[in-house]
Amino acid sequence: MLKLQLKDKPSRSYWLVGEQLSVGSDSRCNVPLPGLGIQALHAHISMSNDSITLTPQPGCVCYVNNQQLSEAQTLQEGDEIRIGGERLLVIDPKKHSASAAASSSPKAAVKKPTVWTLVAEHPKLKDRPFLITDKSILGRSKAVNLFIPFKHLSRKHAELTVLGDTLHLKDLGSSNGCFVNGERVSEYTLTGGETVSFAFLDFVVHSPVAAKTDVAMDVTMVRSAITQADIERVQRERKTPSQSLDLSEIDQRQQQIEAQSQTSASKTWLWGGVAIVAVAVLAYGLWHYSA
């Protein structure tokens, strides 16, 4: 059984039952349509032998699927009728309800991209999470997705790829290496929670799966959710190089490490020289005494 439904007002509908329905601007019509260009009795809709027919009254204009009628027109499910400024649809309520439910169900919704997050341990990067939705290249070249202007990084240092529920890390032949939980790796499958280091920059890996688990356990402990705006920002950053960051503190730390190493080496040579001189003086004294 079909219905006649106003396209712009789905809550208003009329069953196409009986022998005939009157359509017009008069409130006494079976389908009242008060509006410009609509006569008091504008058309009839007749039902007989499983067929539905729209018949305009003399001098009245009706359209079916944007075609002006010159005579009676048989209607079918899915047809659109225009009378004056009103549009009406011929629908099957069962199919229409199923279609509406399917369009609003989660399965019918557009699948959102899986977003992984790298949170830096360095204070100047900590408030700037790096988001990964598919495949990204990290390095100090402005042409890569995850641009970090740090001289110890290679221009294309590492590749990060979302594969299902994991994040695949691949070293792209970098000089100072990639490390997972302190161990150097050439490739590694990340599941979330690991500490990843590129040269001397440390990041904590946050997975979408771990975030959902945290929500179920204790809402107060969850970080802010990744929003569509965050994803759009990532996409913009891929087209526009990131602003330069001052990571001199990391350079200073590395220089201190190298300086300490050089100082230790110098002290070793100094004490070695003192020991040799002492042995030489002692040997000379013993020789002189024995002579």
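The protein chain exposes about 18400 Å², of which carbon and sulfur atoms supply 53%; accessible areas come from the Shrake-Rupley method with a 1.4 Å probe, and for residues only the protein chains shown count as cover. This is a predicted model, in which local features need pLDDT of at least 70, side-chain atom pairs count only at pLDDT 80 or more, and totals for chains, interfaces and linings use all residues. Residues are numbered from 1 along each chain as its sequence is written, and side-chain values use heavy atoms, with hydrogens and water left out.

Me: How many helices and strands are in the protein chain?

Reply: Helices (H or I, at least four residues) and strands (E, at least two) are DSSP runs, numbered from the N terminus. On that basis the protein chain has 4 helices and 22 strands.

Me: Is Asn66 buried or exposed?

Reply: Asn66 sits in the loop between β7 (63-64) and β8 (67-68). Its phi is near 65°, a positive value in a residue other than glycine. Buried means under 20% relative accessible area, exposed over 50%, and partly exposed in between (1.4 Å probe, protein chains only). With a relative accessible area of 57%, Asn66 is exposed.

Me: What is the relative accessible area of Asn181?

Reply: The loop between β18 (178-180) and β19 (183-185) holds Asn181. Asn181 is not a glycine, yet has a positive phi of about 50°. This residue is partly exposed, and its relative accessible area is 49%.
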